[in-house]
Amino acid sequence: MVKLVDIAEHIGLSVTTVSYSLNNDPRIPAATKRRVLEAAEKLGYHGKSGRARGGDYLKQVVLCLNSLRGGIYTEIIEAMKDALTLNNCDLMVYVGCDVSRIKWLDGLFVLNSKVDSEDIAKITARGIPVILMDRETEIGGAVNVTLDNFNGCKTVTQCAIDAGAKTFAFIGGPKESFESGYRFNGFKSALAENGLTDKNTLVLQTDFTYDGGLNACRFVLENTSLPDAVVCANDETAMGIIAGFKAGNVKKDIIVTGFDGVKKYNAPNRFITAKADHTHWAASSSYSMLQNFEHISNTAIKKIPVKIMQYNM
């Protein structure tokens with residue numbers, strides 16, 4: 001079976017150029033497209049959908065992530081592929097923060113707080129639509145499609161307060177994380193509305209991982225009196241906290257909260273999480289991108305609601 005690399009080697013071009021030529025990309029010179037199509041026909045390349053004969057232009061859409069660790073990314077990527085593939089778009093995942101290195105793109109999804117807003121603004125200035133999934137920053141030409149981070153964390157904190165919690169620790173994500181910041185603000189808002197102060201609240205930052213939660217728990221056990229509730233910025237961190245309490249043989253009935261709802265819960269601790277519908281989030285982001293391609297006006301900020309789940313309460 002003839003592959004793209006065979007065509008590329010045959011005519012001395014890169015695989016990327018061959019791929020875009022076969023997809024009738026308007027950025028590829030006509031003479032180059034003609035060379036590629038002639039070589040493809042000569043070698044007997046047919047492609048997955050006959051694009052070697054010059055089909056519609058396949059838009060290249062990029063999802064920018066900071067990491068592939070965590071269960072939410074699989075759900076998001078698959079849901080995006082489902083929506084975009086049906087609409088003549090190809091999804092590429094880029095792990096990194098320097099979006100200026102991405103040369104070939106028609107649209108960009110940003111779910112990476114390390115990407116600088118100025119770099120995003122440079123992309124939108126080129127007329128390329130951007131969907132911001134991690135921040136509510138106003139950037140001309142960009143649409144915000146985020147989870148309801150503030151109200152989700154505010155509500156799980158309120159649930160802990162309603163269950164009797166009066167002292168807290170907050171275990172957040174990286175300092176630069178917009179999502180962690182919104183969730184921390186929701187946490188503080190719930191305390192304030194209930195006349196509770198966050199003055200003596202222990203606040204730690206982790207990397208949104210199980211190990212980060214486990215290490216944070218060790219610090220809590222070694223350096224502070226145990227709080228009534230530990231509010232975590234995501235479920236992975238919360239699972240690490242719960243494992244740390246178990247390893248430390250903690251007898252106090254401490255409420256732990258999380259955010260995401262991606263894992264089945266079967267531990268003895270009382271646990272509350274804001275369950276996010278990541279498929280809905282990804283699909284809504286994809287449809288917003290497709291609307292941009294059709295020059296249809298988009299709402300500047302869309303918030304995907306979350307569902308509160310309580311266990312052993």
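In this predicted model, the largest nonpolar core has 44 residues. The residues with the most contacts inside this core are L63, I76, M80, F109, M133 and F168. Helix α4, which covers residues 71-85, gives the most to the core, with seven residues. A second, separate core has 19 residues, among them C217, M239, F245 and A267. In soluble globular proteins, nonpolar side chains tend to be buried together.

How many disulfides does a search of the whole structure find? The search finds zero. The nearest cysteine sulfur to C64 is that of C97, 7.6 Å away, and C64 is in no disulfide. For C89, the closest cysteine sulfur is in C64, at 18 Å, which is too far for a bond. A disulfide requires two cysteine sulfur atoms within 2.5 Å. Both C64 and C89 are buried, as the table shows.

| Residue | Relative accessible area | State |
|---|---|---|
| C64 | 0% | buried |
| C89 | 4% | buried |

The protein as a whole contains ten helices and twelve strands. Its C-alpha trace spans about 75 × 40 × 30 Å along the principal axes. Of its 313 residues, 50% count as buried. Among contacts between residues at least 6 apart in sequence, 66% join residues at least 24 apart. The protein exposes about 15300 Å², of which carbon and sulfur atoms supply 49%. The mean positions of its 35 positive and 34 negative charges are 2 Å apart.

Conventions: Residues numbered from 1 in each chain as written. Predicted model: local features only at pLDDT ≥ 70, side-chain atom pairs only at ≥ 80, totals over all residues. Heavy atoms only, no water. Buried < 20%, exposed > 50% of the residue type's maximum accessible area, 1.4 Å probe, protein only. Core = buried A, V, L, I, M, F, W, Y, C linked by side-chain atoms within 4.5 Å. Helix = DSSP H or I, 4+ residues; strand = E, 2+ residues; numbered from the N terminus. Contact = heavy atoms within 4.5 Å. Areas by Shrake-Rupley, 256 points an atom, 1.4 Å probe, with all protein chains shown as cover. Lys, Arg positive; Asp, Glu negative; His and termini not counted. Charge placed at Lys NZ, Arg CZ, Asp CG, Glu CD.
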